Amino acid sequence: MYISNQLTKRSIPDLFTFENGTKVTAENADKRRAEFRVVLQREIYGEFPVSPDYVKGEIIEKPRARDCAGKATIKKVRLSFAVKGEEFSFPLYVVMPKNVKSPRFVVIINFRPNMPDEYIPAEELIDRGIGFASFCYKDVTSDDGDMADGLSGVLAKVGYNDTGKIVMWAYAAMRALDYILETEDIDRDHIAVAGHSRLGKTALVAGAFDERFTCAYSNNSGCSGAAITRGKVGEQISFITKTFPFWFCKKYREYVDRHDALPFDQHFLVSAIAPRQVYIASAIEDTWSDPESEYLCCAASSNFWKIYGKTGFIGEDRAPAIGDRFHEGNIGYHLRSGEHYFSREDWNIFLDYFLK
């Protein structure tokens, strides 16, 4: 009864009641997921831009001979697209294992433009037969209040004046996927989007708004990401909207110190990804993100998979513990020792889930 008692105390909104009071059934569950997306845009992340006019890529660095010990090809692409006639481009690395037909694939939203990078264990991914693409989030738009920078400025020109930067980074991940699907032979039934911390929030948003991603992997995303807001310890809406207001739409600030007034909680974001896969990873010392609230979000979201006849989260009825790896359901979870970081351990545990 531990989990049910904790969720009852937090009084989170019901997943199975539409805003008009109608109850959710198997027949209208997709409409409820669409409503989740409407609520998330209106209340927290801001409006998603329309689909681009086009997406195209130009190779700006050709594959090198000895990439990943000669086991992969790495190319750098200038990815371009237009929104309502306004053009934008950013660099993207594409890494493909050799001698693997139609590999499973991950789009990684990263903090740096490096390849390899400390958050991307390229050889481990390649050795396990995974292809991936990576871009630096700041190449899309700056991580500050400059709303004229990069994609922010492009969107402002065409009327998107209350779109948070998390949405912009997620939109870029979706455009990367457009390009990959056009140019690479990958397993379209196994495409993940991944990120850490603020970019873990971004990965969940990308997964919620683009169903071509069959799995969304959030590492240590915490507040406004994979953690239930009501009853959360560590980072709160008051801090995150004061320090990073540009990540969100303006309305989110109305809920500072008013968590119970939220017409949603973060289980709406996770459940918007159903019936596909979600993977949430925590670190025991990352109390700012609050592993217990991330774990409870997995449990709170679980029943929405059941309405599709799928298994949701299969964990244990207790607080999470170091070493937990719950991989049986369509919501996967692990908790490791250590602090806020995107480690090789995190990647390898996730790949055990993604490749099963």
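Strand 7 sends the side chains of C215, Y217 and N219 one way and those of A216 and S218 the other, and all are buried (under 20% relative accessible area with a 1.4 Å probe and protein chains only; exposed is over 50%, partly exposed in between). Because 5 of the 5 residues of this strand (residues 215-219) are buried, strand 7 is largely enclosed by the rest of the structure. Strands (E, at least two residues) and helices (H or I, at least four) are DSSP runs, numbered from the N terminus.

The model is predicted: local features need pLDDT of at least 70 and side-chain atom pairs count only at pLDDT 80 or more, while totals for chains, interfaces and linings use all residues. Residues are numbered from 1 along each chain as its sequence is written, and side-chain values use heavy atoms, without hydrogens and water.

Strand 7 pairs (at least two DSSP bridges between the strands) in the parallel sense with strand 6 (residues 191-196) over 5 bridges. A216 is the bridge partner of V193.

Most residues other than glycine have a negative phi, and most peptide bonds are trans. The table lists two cis bonds.

| Cis bond | Omega |
|---|---|
| M115 to P116 | near -5° |
| A274 to P275 | near 0° |

S11, not a glycine, has a positive phi of about 50°. At 51% relative accessibility, S11 counts as exposed.
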